[in-house]
Amino acid sequence: MPEKQAHEWSAEIEAVYLREGREIWALLYAQCSDSDRAYDALQEAFVRLQSQEVKSIRNIRAWVLTVAQNWLRDFARRQNHAARPADFLDNIVGQNSDPLEDLEKNERNSRVRQSLRQLRAEDREVLVLRYALGWSSKRMSIALNTSTSAIDMRLSRARKRLCEELEKVGIDHETV
Amino acid sequence: MKPFDTSGMLENDEELESVLREYFQQEMPPELLELSDISDEEYEKRFQELPALTNGVPDTFDRKPSRQYKTGLLLLGLCACLIVGISFIQFQPADQIPVAKQPITQPESLPPTVKNEISRHSHILESESLAVVDQGDTSIEMTPQIDKSVHESIDITLYNTELGPIEQRTELSWTNISVQNPKTGTNVEMSMPELTIDFVPVNSGRLSLINDENGE
């Protein structure tokens, strides 16, 4: 690959990352319910994209999503046979934060994460696009190739199911 | 045990939404949080520019009509079962009872010319021969074989009448005839009796003999 062409290719990849990174991460997060894993998949896909031929990819966004999804699947298979890190390592707090506040926040996030994992991927998908990316129903309908009313219906149902799951783990308006 | 107060989170949708927004803000990597987002109009314009076949939504997020897929699969299975059933009925082995495929009709009477042609090809039998004629389409030629072994029995009885002694000679002979079918190899055997009764006046001077009538 000529140097100029390689430079243009790297610039295009960077532009795609800046433009599509959040959305792709959200879609990957909807699949695995793990922030770090979704981010690793995103990074891995863009690293592989760097070594690809320029003209061999027509749709970079779709290519990155496919590669990242395959990486997530491979990771899930490896997890079944590999040692897992202890959970407490993820909950180590920084020195400048209030330990009690961080502990409470982690507790709540852990329950929300557990509830989200109980949902279907379709429900997680609309919740992540709405509340992680702040997308409107119109934009979600474009991305998911459906109508706005269908998106609103899916969102309503997903919220209802999430509330049911949150109640199971002890989070509701009557919980003490 | 619930060590932390989480009450009041789900009083309404707004509280739930605020919980989710805060949750995802913490979940999203800081590097991605810093990325700027585009407007809906710009996103729609860019989305339409993507190739039509791969509009950027991966397979997992592009909902497939699973119900239609299952219905099609079910119809395909039903068609396959129907084809197997029909072919089983069609190619089922015939029963032991023979079935006439053509309607049974009376044998047409052959014109005289045809009869002559048939007789031309058939063997001319002797007067003593026995012929068996098949009524079907194919004529079966029977080859008569006459067994020459003739069993004879002679019975002589004398009667004294007013006209003088009369000798009754009763001669019974059996002629065996066997007819063989060359195609099937079967033999038909039959015996034909021949009874001859003669009344011959007997001279008083001598007894009659069998061959007296021949002048011996």
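**Confidence and packing in a two-chain predicted model**

Good morning. I begin with a stretch of chain B, residues 52-63, over which pLDDT stays under 50; pLDDT is the predictor's confidence in each residue, from 0 to 100. For this stretch the model has 24 contacts beyond four places in sequence, two residues being in contact if their C-beta atoms, placed from the backbone, lie within 7 Å. Where pLDDT is low, the predicted coordinates should not be read in detail.

This is a predicted model, in which local features need pLDDT of at least 70 and side-chain atom pairs count only at pLDDT 80 or more, while totals for chains, interfaces and linings use all residues. Residues are numbered from 1 along each chain as its sequence is written, and chains are lettered from A and ligands numbered from 1 in the order in which they are written.

Let me stay with chain B. Its mean pLDDT is 67, and 52% of its residues reach 70 or more. Its secondary structure comes to five helices and three strands; helices (H or I, at least four residues) and strands (E, at least two) are DSSP runs, numbered from the N terminus. From the N terminus on, the order is α-α-α-α-α-β-β-β. Where in chain B is confidence lowest, and where is it highest? The lowest mean, 44, belongs to helix α5 (residues 112-121) of chain B, and the highest, 85, to helix α4 (residues 66-90) of chain B. Of the 216 residues in chain B, 5% are buried, that is, with 20 or more other C-beta atoms within 10 Å of their own, C-beta atoms being placed from the backbone.

I turn now to the largest nonpolar core, which has 44 residues. Such a core is a set of buried Ala, Val, Leu, Ile, Met, Phe, Trp, Tyr and Cys residues joined through C-beta atoms within 7 Å. Among the residues that touch the most other members are A:Trp25, A:Tyr29, A:Val64 and A:Val128. Helix α1(A) gives the largest share, nine residues. Leaving aside neighbours within four places in sequence, A:Val64 is in contact with A:Ile24, A:Ala45, A:Phe46 and A:Leu49.

Finally, a helix pair. Helix α1 (residues 3-32) of chain A and helix α5 (residues 121-131) of chain A have axes 8 Å apart and pack at an angle of about 145°; axes are lines fitted to C-alpha atoms, for helices over the stretch in contact, and angles run from 0 to 180 degrees between N-to-C directions. From α1(A), the contact is made by A:Ala26, A:Tyr29, A:Ala30 and A:Gln31. From α5(A), the residues include A:Val128 and A:Leu129.

How values were computed:
Buried ≥ 20, exposed ≤ 12 C-beta atoms within 10 Å, placed from the backbone.
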